[in-house]
Amino acid sequence: MQRANLSAASEFVFVGLSDAPEFRLLLSVLSLLLYLATMAGNITLLVAISADPHLHSPMYFLLGNLSLLDLLCPTITVPKMLGALLLEHEEISFSGCLLQHFSLIAVVGTEIFLLTVMAYDRYVAVCHPLRYPSVVSPRLCAQLALGTWAAGLFNSLLHTSLVFTLPFCGHNKIQQYYCDIPPVLALSCSPGRGRELVILLVAGVLGSGACMVTVGSYIRILLEILARKSPGMWHKAFSTCGSHLTVVCLFYGTTICTYVRPSSSYSPHRDRVVSMLYGMLTPLLNPIIYSLRNKEVKCALKRVISQV
């Protein structure tokens, strides 16, 4: 019976961002412009980090990994969305949906762990500046970055196996423009409360653990600033951590609204807007935030642009 249910859902249909045909072209143009701007911003930042010797440090190595994730995140979802809006090709196969879901959750999970590693990097840079070269060595930085990718893939494998082994039957319309956990769970003809609790538990343990390390790093930074009582310490700490802290708040705000809640509170219209913010605007804003707040990045970008 379960095999029959799975075969009945051989493909899914995306509802998309808007059911109104008159808004399809406008949404397509806006989405394409945002996607191209995101690609241009993150690729430029990657080129600047690779080409400028002044940026060959652990901090910018981690920032390069973040830009790579910001390239992958919209690339997983936006091309299919544009195909649905422009070509009205709204179907996606079961295996295609599974692959898209796995890739997206892997990128999200990796970014959570990477932001945690970047918070630790900022903690060492502010609280132990003299020991920074020996503590955050290039070797350790590469190992931590590799660990974030491995943890993200494992987290995605676990979530995907829990979601896509559920029986799907009845209607196959996904109230979203990509295959995500809440809209796919809503299509299952099985209550799946046990699996949903496992998903929330795994996401809660991993996400809250990473969040606690991030918050703990900034609490230690704050305590260090208060202990030193130096007038210039606030400015130094803000210039060192301001960009990362802004990105963390933006990322966790949209991620919590998207994933950290039961499927019974799933609202298609609200979630499409939140997903738009997370999937497209956040990867676009990240390179802008780091470029505006970091003099070294701005100088490197100017040199790259002048050479081009």
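**View 1. Cys 97 and Cys 179 are both buried.** Buried means under 20% relative accessible area, exposed over 50%, and partly exposed in between, with a 1.4 Å probe and protein chains only. The model shown is predicted; local features need pLDDT of at least 70, side-chain atom pairs count only at pLDDT 80 or more, and totals for chains, interfaces and linings use all residues. Residues are numbered from 1 along each chain as its sequence is written, and side-chain values use heavy atoms, with hydrogens and water left out. A disulfide joins Cys 97 to Cys 179, with an S to S distance of 2.0 Å. The cut-off for a disulfide is a pair of cysteine sulfur atoms within 2.5 Å. Such a link is a covalent bond between the sulfur atoms of two cysteines. The angle about the S-S bond of Cys 97 and Cys 179 is -125°, and the link is left-handed. Cys 97 lies in helix H4, while Cys 179 sits in the loop between strand S3 (173-174) and helix H7 (181-185), so the pair ties together parts that are 82 residues apart in sequence. A search of the whole structure finds 1 disulfide.

**View 2. Cys 249 is exposed.** Its relative accessibility is 53%. The closest cysteine sulfur belongs to Cys 211. That sulfur is 9.6 Å from the one in Cys 249, too far for a bond.

**View 3. Cys 127 belongs to helix H4.** Cys 127 has 7% relative accessibility, so it counts as buried. Contact means heavy atoms within 4.5 Å. Leaving aside neighbours within four places in sequence, Cys 127 is in contact with Arg 220, Ile 221, Glu 224 and Arg 228. Leu 223 is 96 residues away from Cys 127 along the chain. The C-alpha atoms of Cys 127 and Leu 223 are separated by 9.4 Å.

**View 4. Asp 121 and Arg 122 form a salt bridge.** The term covers a side-chain nitrogen of Lys or Arg within 4 Å of a carboxyl oxygen of Asp or Glu. Here the N to O distance is 2.6 Å. Asp 121 and Arg 122 are both buried. The count by this rule is 1 salt bridge.

**View 5. A nonpolar patch covers about 560 Å² of surface.** Patches are made of residues with over 30% relative accessible area and no salt bridge; like charges are joined within 9 Å, and nonpolar side chains (Val, Leu, Ile, Met, Phe, Trp, Tyr) within 5 Å. Accessible areas come from the Shrake-Rupley method with a 1.4 Å probe; for residues, only the protein chains shown count as cover. Val 215, Ile 219, Leu 222, Leu 223, Leu 226 and Trp 234 make this patch. Helix H8 (residues 193-228) gives the most, with 5 residues. Val 215 has its place in helix H8. With a relative accessible area of 41%, Val 215 is partly exposed.

**View 6. The protein has 11 helices and 3 strands.** Helices (H or I, at least four residues) and strands (E, at least two) are DSSP runs, numbered from the N terminus. Buried residues make up 50% of the 308 residues. The accessible surface comes to about 14900 Å², and 72% of it belongs to carbon and sulfur atoms.

**View 7. Confidence is lowest in helix H1 (residues 2-8), at a mean of 42.** The score is pLDDT, the predictor's confidence in each residue, from 0 to 100. Helix H4 (residues 94-127) has the highest mean, at 91. Over residues 1-8 the pLDDT is below 50. Beyond near neighbours in sequence, this stretch has 12 contacts in the model. The protein averages a pLDDT of 80, and 81% of the residues score at least 70.
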